[in-house]
Amino acid sequence: MESGEESFVQLPCPAGPSSGSLAPRPERVRREIERCKELCRALEEDHVKLQTATGAVQQRMQELRKERERLYENFKEQKYLNREEEICLQDNILLARQMKSTLMQKHQMLNKTLEEKRQKVFRKDPEMMLLPALPEKKMAFKGLVTSKDANKLMLTPLVHYPLQGGSALITFEKAEVAQRIIEAKEHVVELSCGEELEELDQCRMRVQAAPVDILLPSALEISLAQSSRSIILSDLPSLEETLLDKLEIFFSKKRNGGGEVESKELLGNSGQVVLTFAEDRVAELLIERGRIQVPLWEQTYELKISPCMRGEVSNLQPRSSPRSAQLQPFRCPRTVLLSGIPDVLSEEPMRDILEIHFQKPSRGGGEVDAVGYVPAGRRGVAVFTEDAE
């Protein structure tokens with residue numbers, strides 16, 4: 001370098017004004033300083049706010065941490081208490097099961113002892129078991145009656161006799177009339193009887209007459225046993241058609257001591273009803289009660305509950321002397337079997353024609369006591385009872 005002036009290089013100010021700017025340099029610096037001061041104050045204010053917010057957040061975090069610790073302690077304490085309670089409940093359940101097992105064993109032993117005592121009493125005197133529970137009957141003294149067979153049980157036989165289609169049974173009041181009809185064997189019956197049969201004028205039919213033989217034993221033995229699922233209800237107010245349904249509804253409910261009713265039956269004219277349950281235990285518990293209040297037709301009646309006795313033939317002896325012989329036929333003296341009746345009239349007109357024909361003395365007949373007719377193509381069952389005459 002040859003001179004000192006050539007050693008300096010003049011560089012332009014990148015941010016400053018050109019050399020030709022009107023604003024002096026000190027004023028521009030002062031404004032820049034003021035701006036920086038304001039920015040610094042704003043930053044300081046933001047810093048203070050951030051510190052305040054940070055302190056609040058830290059305080060909240062401490063509170064939440066303490067709450068978490070408290071809840072965790074409560075949880076552990078409650079878990080411990082629940083565990084203790086669970087152990088206590090399990091012990092109670094175990095004790096209850098043991099007590100239940102003990103009671104069941106005692107119950108079974110008592111039932112067994114009771115049944116043994118019942119069987120023992122029943123073997124000694126069966127009437128002791130039956131009389132207290134039998135349905136009550138109103139009785140009146142009508143006079144002194146003596147009988148040599150006072151200890152015997154008298155039964156009325158009911159013999160079921162199958163009757164084929166196209167046949168009839170006629171019972172006369174007198175046995176000699178039935179004998180005359182049987183001896184004639186074949187009879188011609190006029191069908192022109194009655195106003196509704198005018199078109200059948202001069203029509204006749206031929207029927208065959210035969211005796212009626214039924215099988216009877218000379219003696220029989222019946223074993224009685226109490227039904228485990230049936231009861232007899234007596235002291236009923238009336239025998240209306242809805243009675244059986246009302247009784248079934250009442251005794252089907254558990255709260256009344258009943259259960260599912262399997263069948264119901266009205267015992268003829270005795271005024272008693274037999275109910276059979278699906279379970280064995282129901283009947284036994286009801287019989288132990290003896291009486292029960294039953295609401296019927298907006299009133300409450302006290303009904304008597306009795307055991308239902310079932311009889312089965314245990315020994316059957318024929319009428320002949322040898323016990324090994326078969327049952328011997330017994331001829332009904334007043335009844336005649338008519339067969340070969342054609343299907344030309346309905347049931348009721350045919351029964352009337354047979355009764356009219358065989359009650360005429362001119363035809364060898366007499367007074368008719370009963371007539372049963374089964375049309376051709378059908379089957380029936382006649383029931384014979386003991387002849388009181």
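This is a predicted model: local features need pLDDT of at least 70, side-chain atom pairs count only at pLDDT 80 or more; totals for chains, interfaces and linings use all residues.
1. Residues are numbered from 1 along each chain as its sequence is written, and side-chain values use heavy atoms, with hydrogens and water left out.

2. The protein chain has six helices and 11 strands (DSSP runs numbered from the N terminus: helices are H or I, at least four residues; strands are E, at least two). Of its 389 residues, 23% are buried (under 20% relative accessible area; exposed is over 50%, partly exposed in between; 1.4 Å probe, protein chains only).

3. Glu-27 is linked with Arg-30 and Arg-31 in the network of salt bridges (a side-chain nitrogen of Lys or Arg within 4 Å of a carboxyl oxygen of Asp or Glu). The structure holds 18 salt bridges.

4. Another salt bridge joins Arg-70 to Glu-67, with the closest N and O atoms 2.3 Å apart. Both residues lie in helix α1 (residues 25-124), three residues apart, about one turn of the helix. Arg-70 is partly exposed at 41% relative accessibility, and Glu-67 is partly exposed at 33%.

5. Two salt bridges connect strands. Glu-186 and Arg-206 meet at 3.3 Å, N to O; this pair links distant parts of the chain, Glu-186 being in strand β3 (residues 186-190) and Arg-206 in strand β4, 20 residues apart. Asp-213 pairs with Arg-331, the closest N and O atoms being 3.0 Å apart; here strand β4 holds Asp-213 and strand β9 holds Arg-331, 118 residues apart.

6. The largest nonpolar core has 23 residues (buried Ala, Val, Leu, Ile, Met, Phe, Trp, Tyr and Cys residues joined through side-chain atoms within 4.5 Å). Phe-172, Leu-338, Ile-341, Leu-354 and Phe-358 have the most contacts inside this core. Elements that each supply at least two of its residues include β2 (167-172), α3 (175-184) and α6 (347-358). A second, separate core of 20 residues includes Leu-236, Leu-243, Leu-296 and Ile-305.

7. There is one aromatic pair (Phe, Tyr and Trp rings, the six-membered one for Trp, with centres within 6.5 Å; planes under 30 degrees apart are stacked, over 60 edge-to-face, the rest tilted). Phe-250 and Phe-251 form this edge-to-face pair, 5.1 Å centre to centre with 85° between the planes. Phe-250 is buried at 12% relative accessible area, and Phe-251 is buried at 0%.
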